[in-house]
2 protein chains.
Amino acid sequence: MHANRVSFSQLKQFIANAMIKLGLPPDDALKVGHIMAEADLQGSDGHGVIRLPSYAKRIKAGGINLKPSMKLVKEKAGMAVLDGDNAMGHLVMKHAAEIAIEKAKNCGIAWVGSRFSNHAGPASIYARMPMEKNMIGIYFAVGGANHTSPWGGLDMLLSTNPIAIAVPAKNEPPMVLDMATTVTSYGKIKVKAQKGESMPEGWMIDENGAPITDPHKTDGGIMLPIGGYKGYGLQLMVGVLAGTLNAAAMGSSVIDGNADFASKSNTGQAILAIDLDAFGDVDEFKLRVDQLSREMREGKKMPNVKRIWLPGEQSYEKRKSYERDGIELHPNLIAQLDEFAQAHQIPTLMQTPSF
Amino acid sequence: MHANRVSFSQLKQFIANAMIKLGLPPDDALKVGHIMAEADLQGSDGHGVIRLPSYAKRIKAGGINLKPSMKLVKEKAGMAVLDGDNAMGHLVMKHAAEIAIEKAKNCGIAWVGSRFSNHAGPASIYARMPMEKNMIGIYFAVGGANHTSPWGGLDMLLSTNPIAIAVPAKNEPPMVLDMATTVTSYGKIKVKAQKGESMPEGWMIDENGAPITDPHKTDGGIMLPIGGYKGYGLQLMVGVLAGTLNAAAMGSSVIDGNADFASKSNTGQAILAIDLDAFGDVDEFKLRVDQLSREMREGKKMPNVKRIWLPGEQSYEKRKSYERDGIELHPNLIAQLDEFAQAHQIPTLMQTPSF
């Protein structure tokens, strides 16, 4: 394996070791390690191990409950609201997805919302959980800090509020859409900063509407929604579904997770599981998805376009190549994690055994 | 009332008279008239009475079943699939929304998909139906003709596949998002053509990527998705949820509703109803929505911006003013409807009594 590549199990164990050191029970630490390493595995590198230092900062500041008692505060046959008791968001949403899957088996579909959750990593991870059980998964979340304004406004009242939708296929890769409702995501900006690259114009503007391209100078910058007022509308609605509906933070009550590490974020998310078996023959559905994928991919291309991609297909290919060759991490990130390991007295990533 | 304004009841009755003449049972004709007139009432003028001539053309060509037997082909506590038996789409989706509302009262949420439906007018009409019952309504549809291509492709394999989300408020207008996943909708292009206006650049391109601005020269033109590849992903996913999931048309199986008036379209739609009562106190939720609306509206504005709008707020104000002053129709449209009335031996719009 190359010097800047690690195996999934190595990365998972490294994160779990860090989380145990930070005070998480070993079972929970392994769950968080698994989900964070999976983020890197699927190429969602803005939501993987790169977040470890900021999670650690929050845990040390008392901003995370390490011994939470999650409970369902509302429940009907097809829905529930899960109070995460300020646990790591990964644990809250893994639990929420499991409840949604169980309920969907009975009702055909089920919706589970969260309150007092926290940042949980890439949206698609949770949408994929129902997908692995022959369901369509849909995930909504309120982002961890407000980076954008209502359309025409200057006050930071909205986040990048992402949507993920995961659809299983038979022989083709699954269709997995994972998108922020802004042109970019804060995760991607962090990766640009990490790599020392500049941001393209159209990602962010300042109060005068001038583009910001330095990923280190994003203070006060306003991220732009996709499709102008339409993206603003989507942001707001995703926030209502994931936040307001669950009495979780939304709008001005969203704390800035990049500045305030001690306060409860009261993050809200929601997951919808749609059981394919309730709608008809599962294999027939999957074959229809296969056909749709091939139709899109095999159509006539615009000049200079080499390949038409399906949502999630590039991530799927990355996952396959990373499983085979190891997960590639930027040398700057590895150096940062080495420092982290030393400061926390755990084995470095490269010293962590791969199994 | 001005010469180019009509009352809601007048417009509804005019459409109902036309539909009765075309062979719809009177009850169904009134339901269709109500929904189509409501489209104009809320300013969705691309989906209202402007569509009457094309609906008539489809009915006469045998493309609509005037005496359908709709039935639930799949059903569980929280979901159903409704076979519309090729009825007018308005009738199918009104029925679907009613079923979703009833099921959501028991399960907390419910999803009803349709197959063998038809074009049903503005997405928000159906999302608003649960909203009127203290629920959040979400609606997805496969558009009536493919007007766009996968990102990077040239084959017309996708439609404008709209999303609508309707959220009730307490003292503020409800939040109602109704958006095509393309930069524009075919309805808006029809209105531009009707009014003799040109389209802005960014709505549609030709095979070489050059902008098309003449709304009469859209043949072969490719509508652009919002946010580039993200809008493409949304289009595809809305199509999977509204079409593929219900074994309705999607991708290459979508017939061109503007060219083929005789074939069954097998249009698919889906409605999701989320019962607020299951999630907590309904009034408290609505007050949170009120607060969110005010926060957005009352924030600092960009230079030259007069007002920050909430999704659906302009439509809400139009509805109020049209209820008070009558629905304004373009003179070209009134002339076209006069011709239609004469050809079908029904009273003209202005001769139709208002009650």
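Predicted model: local features only at pLDDT ≥ 70, side-chain atom pairs only at ≥ 80, totals over all residues.
## Copies and axis

Residues are numbered from 1 along each chain as its sequence is written, and chains are lettered from A and ligands numbered from 1 in the order in which they are written.

## Where the chains meet

Chain A gives 57 residues to the contact and chain B gives 58 residues, where two residues are in contact if their C-beta atoms, placed from the backbone, lie within 7 Å. The side of chain A that touches chain B has 34 nonpolar, 15 polar and eight charged residues; here Ala, Val, Leu, Ile, Met, Phe, Trp, Tyr, Cys and Pro count as nonpolar, Asp, Glu, Lys and Arg as charged, and the others, Gly among them, as polar. Because 100% of the interface residues of chain A are also interface residues in chain B, the copies meet through the same surface.

## Chain A as a whole

Chain A has eleven helices and eleven strands, which are DSSP runs numbered from the N terminus (helices: H or I, at least four residues; strands: E, at least two). Its C-alpha atoms fill a box of roughly 55 × 50 × 45 Å along the principal axes. Of its 355 residues, 59% count as buried, which for one residue requires 20 or more other C-beta atoms within 10 Å of its own, whereas 12 or fewer make it exposed and a count in between partly exposed, with C-beta atoms placed from the backbone.

## Strand β4 and its partners

Nine of the nine residues of strand β4 (residues 109-117) of chain A are buried, so this strand is largely enclosed by the rest of the structure. The chain reaches β4(A) from β3(A) through helix α4 (residues 89-107), in a right-handed β-α-β crossover; right-handed says that, with the strands pointing away from the viewer, the path from the first strand over the helix to the second runs clockwise.

Strands pair if DSSP finds at least two bridges between them. Strand β3 (residues 79-83) pairs with β4(A) in the parallel sense over five bridges, and A:V81 has A:G113 as its bridge partner. Strand β10 (residues 267-275) runs antiparallel to β4(A) and is joined to it by seven bridges, with A:T267 as the bridge partner of A:S117.
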